[in-house]
Amino acid sequence: MISLAKVQKYETELNHYQKKYQMCFDDFEKKITALENAENFEMEDDYLDWRFAVHALKIWEERKAIHEHA
């Protein structure tokens, strides 16, 4: 149950950022890393949160799959 809840949480977070920026994480990452001499703290904070959510979702999906096949 915990794995399912975590997967849903991070999927919701990913959807939020995809809607906010109208692009997938990979495209946003390219955009944020291409910024030179321009600071956008909101975008940088969102990038870090989004990146964490991408990695956390992967981990929780793997854990969920393990529990489903146990």
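Trainee: Are phenylalanine 28 and tryptophan 50 buried or exposed?
Mentor: Both phenylalanine 28 and tryptophan 50 are buried. Keep in mind that this is a predicted model.

Trainee: How many aromatic pairs are there in the whole structure?
Mentor: A search of the whole structure gives seven aromatic pairs. One of them is edge-to-face, between tyrosine 10 and phenylalanine 52, at 6.1 Å centre to centre with 70 degrees between the planes.

Trainee: Which helices do tyrosine 10 and phenylalanine 52 lie in?
Mentor: Tyrosine 10 is in helix α1 and phenylalanine 52 is in helix α3, so the pair ties together parts 42 residues apart in sequence.

Trainee: And what is the relative accessibility of tyrosine 10?
Mentor: Tyrosine 10 has 6% relative accessibility and counts as buried. Phenylalanine 52 is exposed, at a relative accessible area of 51%.

Trainee: Back to phenylalanine 28 and tryptophan 50. What sort of aromatic pair do they form?
Mentor: Phenylalanine 28 and tryptophan 50 form a tilted pair, with 5.0 Å centre to centre and 35 degrees between the planes. Phenylalanine 28 belongs to helix α2 and tryptophan 50 to helix α3, 22 residues apart, and the pair links these distant parts of the chain.

Trainee: Which residues do ring pairs link into a cluster?
Mentor: The cluster linked by ring pairs consists of Tyr17, Tyr21, Phe25, Phe28, Tyr47 and Trp50.

Trainee: Different topic. What lies over the face of tryptophan 60?
Mentor: Arginine 63 does, at 4.7 Å from the ring centre.

Trainee: Now helix α1. How many residues has it, and what does it reach from first C-alpha to last?
Mentor: Helix α1 covers residues 2-21, which is 20 residues, and reaches 29 Å from its first C-alpha to its last. That is close to the 28 Å expected at 1.5 Å a residue.

Trainee: Which residues of α1 are buried?
Mentor: Ser3, Val7, Tyr10, Leu14, Tyr17 and Tyr21 are the buried residues of α1. Seen down the helix axis, the buried residues of α1 fall within an arc of 95 degrees, so they line one face.

Trainee: Why would residues three or four places apart point the same way?
Mentor: An α-helix has 3.6 residues a turn, so residues at that spacing point the same way.

Trainee: What covers the buried residues of α1?
Mentor: The cover includes α2 (25-34) and α3 (41-68).

Trainee: And which residues are exposed on the other side of α1?
Mentor: Thr12 and Lys19 are exposed there.

Trainee: Last one. What follows α1?
Mentor: Glutamine 22 follows α1, and the phi of glutamine 22 is positive, near 55 degrees.

Key: Residues numbered from 1 in each chain as written. Predicted model: local features only at pLDDT ≥ 70, side-chain atom pairs only at ≥ 80, totals over all residues. Heavy atoms only, no water. Helix = DSSP H or I, 4+ residues; strand = E, 2+ residues; numbered from the N terminus. Expected span 1.5 Å × (residues − 1). Buried < 20%, exposed > 50% of the residue type's maximum accessible area, 1.4 Å probe, protein only. Arc of directions from axis to C-beta. Contact = heavy atoms within 4.5 Å. Phe/Tyr/Trp six-rings, centres within 6.5 Å; stacked < 30°, edge-to-face > 60°. Lys NZ or Arg CZ within 6 Å of the ring centre and 35° of its normal.
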